[in-house]
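User: I would like to learn how to read salt bridges in a protein model. Can you walk me through it?

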Amino acid sequence: MEKNLSQFFTKEISEKSGFISLNGVMNPLVTGLEYDSRQVKPGNLFFALPGLHTDGSLYIIDAINRGAAVIVHENEIRKINPNVVYLRVKNSRFAMSPISSSFYDFPSSRMLVTGVTGTEGKSTTVYLIWQLLSLLKKKAGFFSTVQSCLGNDVYWNSEHQTTPEAPVVQRLLREMADNGCEYAVLEASSHGLSPKTNRLGDVDFCSGVLTNLTHEHLEFHGTFEQYRDDKANLFRALDKFSPTPELLNKFGGSFTGPFGVVNADDKNSRYFIKATHHKTFTYSPAGRDGDVILEIIENSAWGSWYSLFIPALKEHINIRDKLPGAFNSANVMASLLVVSGLLKMPLREIAPFVRFLKPVKGRMTSIDKGQPFEVIVDYAHTPSSFTAIFPPLHARQIKTGGKIISVFGSAGERDTKKRAEQGEVSSMYSDYIVLTDEDPRGEDSMSIIEEIAKGVTQKRDENLFLIPDRPSAVRKALSLAQKGDIVLFLGKGHENSIIYADNTMPYDEIAEAEKALAEIGFN
């Protein structure tokens, strides 16, 4: 799309952007937004962003040489190109959000947008909400760490980024709206909700979900308290929700909005409930107290059967899902509450559709090539997600006498505190542990693995193996497996690469496991 600068950089947007000064011709035609100079095309607006490893201002000349018509920058620029407009703002990264939202005509105001945040379960919950809306014949789009849908086909997310930068967020929302979506479901990361990035700062959320909260990404947020506070911005955003006349005309009284949905069992739930003035519905997977309570659950490798109790109605609802992992019952409960609120529809009328829900690729994905042991691939990469996954599998193995063989690593240039904790949790439930690369980035692979090993109690060379090369680690784990065992590959899930300091290696955990199984005779 194309717009003259004055059409979207209005007085209101300039104030929200922290506008300082303007140099150059006032009203050029802007053909698109970019924050990577290598992607700039003639007529684009280029955001010069400060970064961890470099500074976008160093690439302004490159952007201009590629045809940039407008430069958004923070620092003073002494050498001005007379054919370019320079917009100086206090914080160019923060300014990306209001400018992008305006350029794409405020797309989130044309749909009912749900944000899902938490440490675990975000991608799955996003996908389940979208599926339920689709099963109920509602046009919806979504994006998550794993997949995206802009109203038509579902495609894979090739980036290791949960919430994209603001220009991408707003462009995706605009495509959803243009494709006729009435609803949008977004995975809202703590990075995306932080004012430091402001990626989601100009999204009009009508509902928000908290799945759970444990410490993660402290390398970015600094403290757990700041991490929690940034997450809570999703619920604060509900108080800013002001539906346009067009939106009210489209939906009328057909949804209960704005509203929140919170896991009542999480010790931080009250913090999120207090972050908004709007109604927050609660669910309790532990069977304690909430608007929806899990009473009974029976789990197998192919799904779960469970009973939900709604205290306000004194109503019991029986549910059957085909989602591997008992922990998915929590994601289902959250999804049911969201869809019920959006459609103003009783839970009992939505519950029958749960049996049609499909799992997310790389989330407790079972690989069956005829081998006499289970092979499971999951994205779990935190101590709390380990705590959710291991116990049910361990309980099952106690009954069968099988062993658990786990393979995992920990990301480089990310939270280091969790590494030994990952090792500790895995030690409680695993008979064999193979430590390997996840995404070392600029850190030394073996150093990361040794940090994890500090929490492991298994004996090295007998029950603990340190193998940085992940394909080799996969093969080692499978060589240890006997009839009735479970081989659990954790941390990569759906991802399609391993990031090193000097290269990104293509890698698909599911495909690699299938290849390794074929090498030992299971096709």
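Analyst: We take the general idea, then the cases here. This is a predicted model, where local features need pLDDT of at least 70, side-chain atom pairs count only at pLDDT 80 or more, and totals for chains, interfaces and linings use all residues. Residues are numbered from 1 along each chain as its sequence is written, and side-chain values use heavy atoms, with hydrogens and water left out.

User: What is a salt bridge, and how many does the structure hold?

Analyst: A side-chain nitrogen of Lys or Arg lies within 4 Å of a carboxyl oxygen of Asp or Glu. The structure holds 21 of them.

User: Where do R199 and E165 sit in the chain?

Analyst: First, the elements: helices (H or I, at least four residues) and strands (E, at least two) are DSSP runs, numbered from the N terminus. R199 bridges to E165, with the closest N and O atoms 3.4 Å apart. The pair links distant parts of the chain, 34 residues apart. R199 is in the loop between helix 7 and strand 13, E165 in the loop between strand 11 and helix 6.

User: Is R199 buried or exposed?

Analyst: Buried means under 20% relative accessible area, exposed over 50%, partly exposed in between (1.4 Å probe, protein chains only). R199 is buried at 9%. E165 is buried too, at 7%.

User: Which helix holds D178 and R174?

Analyst: Both lie in helix 6, 4 residues apart, about one turn. D178 is partly exposed at 46%, while R174 is buried at 18%.
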